Amino acid sequence: MGPRLDVEKIGDKTVIHNYGHGGSGWSLSWGSADIAVGKAAATLDKKIAVIGCGVIGLTSALTAQRAGMDVTIYTKDLLPHTRSVRANGSWTPDSRVALTKPAGDAFPALWEQMARYSWKTYRDYLGLPGNPIDFRDNYILSDIPFDQKHFPPPQPGAGDYSTTGKPQHTSEFADYGDLIRDIIPNPEEIDPKDNPFPVAHARRANMMMFNFGAYGHLLLSEFYQAGGKIVIREFHNPGDLKSLPEDVIINCPGYAAHDWWQDKTLIPVRGQTTWLPPQADALYGVEYKGAALLSKTDGVMVQALDFSHTLGEMVGVGNSFEHADRSEAEQAIGIFEDLFARMGKEHV
Ligand SMILES: Cc1cc2nc3c(=O)[nH]c(=O)nc-3n(C[C@H](O)[C@H](O)[C@H](O)COP(=O)(O)OP(=O)(O)OC[C@H]3O[C@@H](n4cnc5c(N)ncnc54)[C@H](O)[C@@H]3O)c2cc1C
């Protein structure tokens with residue numbers, strides 16, 4: 001369906017929702033914040049509360065400050081302890097952000113607006129001390145030609161979101177990449193003679209990525225410097241908002257809206273990242289055999305994507321289990337251990 005960005009009344013309070021960004025929250029954050037703050041500005045009220053201090057709450061709060069508003073964030077946790085920092089942290093603006101059919105005909109244009117606005121805003125954070133936002137070469141490797149990689153078709157009789165209330169196949173997820181092809185660096189095939197990897201097929205894409213430590217610190221500092229206040233508080237039901245002094249509230253609780261706002265339209269998608277010590281001399285990313293590795297200033301991130309090569313975007317759908325799975329992490333690390341060991345032998 002796409003992120004929830006509608007306006008709701010709770011007693012006298014105007015609540016503007018800004019949650020449900022799937023695997024695209026970092027990427028779309030500024031564009032989504034711009035839409036939510038536009039709705040807050042329409043109330044003409046200059047005192048705003050923001051619920052949540054993940055990437056969506058913080059960018060909403062900063063965008064509201066830049067529009068001249070006086071902002072207080074109410075949150076259970078600050079950014080370093082939110083779900084936001086468990087992400088991969090690269091430019092993935094349409095990763096599981098919506099299902100094509102339920103999102104409807106109007107959503108692609110809204111998505112494009114968010115993606116373009118975010119991309120433009122991120123450019124303001126390039127080239128700063130600590131590299132909060134950076135670009136990396138990301139290598140996508142395959143043992144078979146890329147045009148021979150296909151997902152198995154849907155199982156006959158499995159249904160889809162409209163009949164089961166849950167997506168059943170990767171093809172149900174929206175792919176909006178073509179809408180912004182003109183601004184995003186395109187991947188290029190690497191000629192076999194230039195391919196440094198012991199794998200037959202390789203592509204390289206110059207990819208925007210987010211260094212959580214430096215970027216998060218910068219966002220929090222900007223918020224405080226502009227006079228923002230943060231109150232640590234947990235809400236248990238929508239009625240709790242009636243006790244806030246602000247009448248206009250931008251609600252950014254992320255997946256927690258499933259429980260505290262009782263929004264059962266949110267579909268959980270389990271994902272896990274594993275962090276190895278930073279390696280400043282090897283700043284690039286690799287995707288191979290259903291796993292991803294991305295070297296950042298605050299650590300080397302390793303993520304299992306789709307070991308089976310059959311599920312695509314369906315990996316983890318419907319799974320809300322949040323504990324670490326060590327065997328999954330070891331399997332993902334093992335893929336790269338094996339790749340780099342082969343590189344050592346085959347490239348002497
Ligand atoms: C494995 C994985 C990889 C990902 N990779 C990427 C990627 O590469 N690129 C990308 O763009 N996106 C990625 N994402 C998606 C991205 O991480 C999310 O879309 C984004 O972090 C959501 O941010 P948020 O601020 O909405 O939610 P959260 O980070 O969950 O923040 C919610 C905030 O609300 C507060 N809160 C919640 N409930 C309450 C309550 N009851 N009372 C008070 N406060 C409350 C919390 O304390 C927190 O501060 C990934 C996600 C996962 C799981």
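**Aromatic clustering and helix packing in the predicted model**

Trp26, Trp30, Tyr122, Tyr125, Phe210, Phe212, Tyr215 and Trp275 form one aromatic cluster. The model is a predicted one, and the count of aromatic pairs in it comes to 18. A pair of aromatic rings is described by the distance of the centres and the angle of the planes. For phenylalanine 212 and tryptophan 275, the ring centres lie 6.2 Å apart and the planes stand at 55 degrees, so the pair is tilted; planes over 60 degrees apart would count as edge-to-face. This pair joins distant parts of the chain, with phenylalanine 212 in helix 6 (residues 212-225) and tryptophan 275 in strand 10 (residues 273-276), 63 residues apart. Phenylalanine 212 is buried, at 6% relative accessibility, whereas tryptophan 275 has a relative accessible area of 33% and is partly exposed.

Phenylalanine 212 also takes part in a contact with a charge: the charged end of lysine 296 sits over its ring, 4.1 Å from the centre. A further arrangement of this kind involves phenylalanine 146, whose ring has the charged end of arginine 203 over it, 4.1 Å from the ring centre.

Two members of the aromatic cluster, Trp26 and Trp30, are among the residues of helix 1 that meet helix 2. Helix 1 (residues 25-41) packs against helix 2 (residues 55-66) at an angle of about 40 degrees, and the axes are 8 Å apart. That angle makes helix 1 oblique to helix 2, and the crossing is right-handed. On the side of helix 1, the contacting residues are Gly25, Trp26, Ser29, Trp30, Ala33, Asp34 and Val37. Their counterparts in helix 2 are Val55, Ile56, Thr59, Ser60, Leu62, Thr63, Ala64 and Arg66.

Glutamine 65 likewise belongs to helix 2 and is buried, with a relative accessible area of 12%. Apart from residues up to four places away in sequence, glutamine 65 touches Val71, Glu222, Phe223, Ala226, Gly227 and Gly228. Leucine 218 is located in helix 6 and, at 24% relative accessibility, is partly exposed. When neighbours within four places in sequence are set aside, leucine 218 is in contact with Tyr125, Leu128 and Pro132; of these, Tyr125 belongs to the aromatic cluster. Leucine 218 and glutamine 65 are 153 residues apart along the chain, and their C-alpha atoms are separated by 15 Å.

Technical notes
Residues are numbered from 1 along each chain as its sequence is written. This is a predicted model: local features need pLDDT of at least 70, side-chain atom pairs count only at pLDDT 80 or more; totals for chains, interfaces and linings use all residues. Side-chain values use heavy atoms; hydrogens and water are left out. Rings of Phe, Tyr and Trp (its six-membered ring) pair if their centres lie within 6.5 Å; planes under 30 degrees apart count as stacked, over 60 as edge-to-face and the rest as tilted. Helices (H or I, at least four residues) and strands (E, at least two) are DSSP runs, numbered from the N terminus. Buried means under 20% relative accessible area, exposed over 50%, partly exposed in between (1.4 Å probe, protein chains only). A charge sits over a ring if NZ of Lys or CZ of Arg is within 6 Å of the ring centre and within 35 degrees of the ring normal. Axes are lines fitted to C-alpha atoms, for helices over the stretch in contact, and angles run from 0 to 180 degrees between N-to-C directions. Angles under 35 degrees count as roughly parallel, over 145 as roughly antiparallel, 65 to 115 as roughly perpendicular and the rest as oblique. A crossing is left-handed if the near helix is turned anticlockwise from the far one by less than a right angle, and right-handed if clockwise. Contact means heavy atoms within 4.5 Å.
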